[in-house]
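User: I'd like to learn how to read the aromatic residues and the nonpolar core in a model. Could you walk me through an example?

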Amino acid sequence: MSTKLLEDIQGAKNTIDLFLDNKLELAKSRLNDGGNGMYQELAHSTILFVQAAATIAPEHLTLATEHIRRTLAACNTNRRKSAFAEVFTKQLPKKRIAIYKEYTEEQAHAELCYAEALLQLAFLNMLQDDKFTSLIRSSLKVRQCYKCYRICWGILKYRDWSDGISKAVFESGVRLGVGAFNMMISLLPKRVLKLLEFVGFSGDRLFGLQQLRLGAQIQNSLRAPLSALLLLVYELYATQML
């Protein structure tokens, strides 16, 4: 793993640790100077996302949305650019596996961070506006996010991970994302679920919870505490609504 990526991940971990220690303002102050890497940008987005989702305050929703868009831009600059021919050849299983193996560490982590930020943005959009047209736009974002996580799942499975730290960070992110995606989709209102089913997918709650538990067990990983936090939220609140 490159020194730059390692420092970025460590900085994000320090920020998330402050947030989980209930030092919200201190965590946010670490990222106000700009010039942060994609992981630190994502950490800031995650904090603002949780704050916005918890309060549903318009100013918090707007602030979180703006920063998530900035995070998406930061991640997008590091994502792998597909060749035109891959649009057709990646439909073949062997070629698709070969493409997964070609991802560099930075490209793999950029794809993961992009998917995570996109998932946050999709759910914030649903909270901000429940009009049918907005739900359609959000559904399309969720579909794009779903595709990104499928790519990340393939990268995790087929890429040669020589760096154990990098793989642990990546795996915890994939399991957090796939787990959160399935769990949160399964808890959406029926009319939203019908719309998502119309565009091609639905959430599997049991599979999502399984992935979150696996993610929470990965030692010293960036997103393990977040997986545990989501499981706690599910047990304390979501189960009361079922």
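Analyst: Happy to; we will go from the core to ring pairs and then to charges over rings. This is a predicted model, where local features need pLDDT of at least 70, side-chain atom pairs count only at pLDDT 80 or more, and totals for chains, interfaces and linings use all residues. Residues are numbered from 1 along each chain as its sequence is written, and side-chain values use heavy atoms, leaving out hydrogens and water.

User: Which residues touch the most other members of the largest nonpolar core?

Analyst: A nonpolar core is a set of buried Ala, Val, Leu, Ile, Met, Phe, Trp, Tyr and Cys residues joined through side-chain atoms within 4.5 Å. Buried means under 20% relative accessible area, exposed over 50%, and partly exposed in between (1.4 Å probe, protein chains only). Here the largest core has 56 residues, and Tyr39 and Phe170 touch the most other members.

User: How many aromatic pairs are there?

Analyst: Rings of Phe, Tyr and Trp (its six-membered ring) pair if their centres lie within 6.5 Å; planes under 30 degrees apart count as stacked, over 60 as edge-to-face and the rest as tilted. The count here is four. Tyr100 and Tyr158 are stacked, because their centres are 6.1 Å apart and their planes are at 10 degrees. Tyr100 is buried at 11% relative accessibility, while Tyr158 is partly exposed at 29%. Trp161 and Phe170 form a tilted pair, 4.9 Å centre to centre with 35 degrees between the planes, and both are buried.

User: Where does the charged end of Arg79 sit?

Analyst: A charge sits over a ring if NZ of Lys or CZ of Arg is within 6 Å of the ring centre and within 35 degrees of the ring normal. The charged end of Arg79 is over the ring of Tyr114, 3.9 Å from its centre. Arg159 lies over the face of Trp161, at 4.6 Å from the ring centre.
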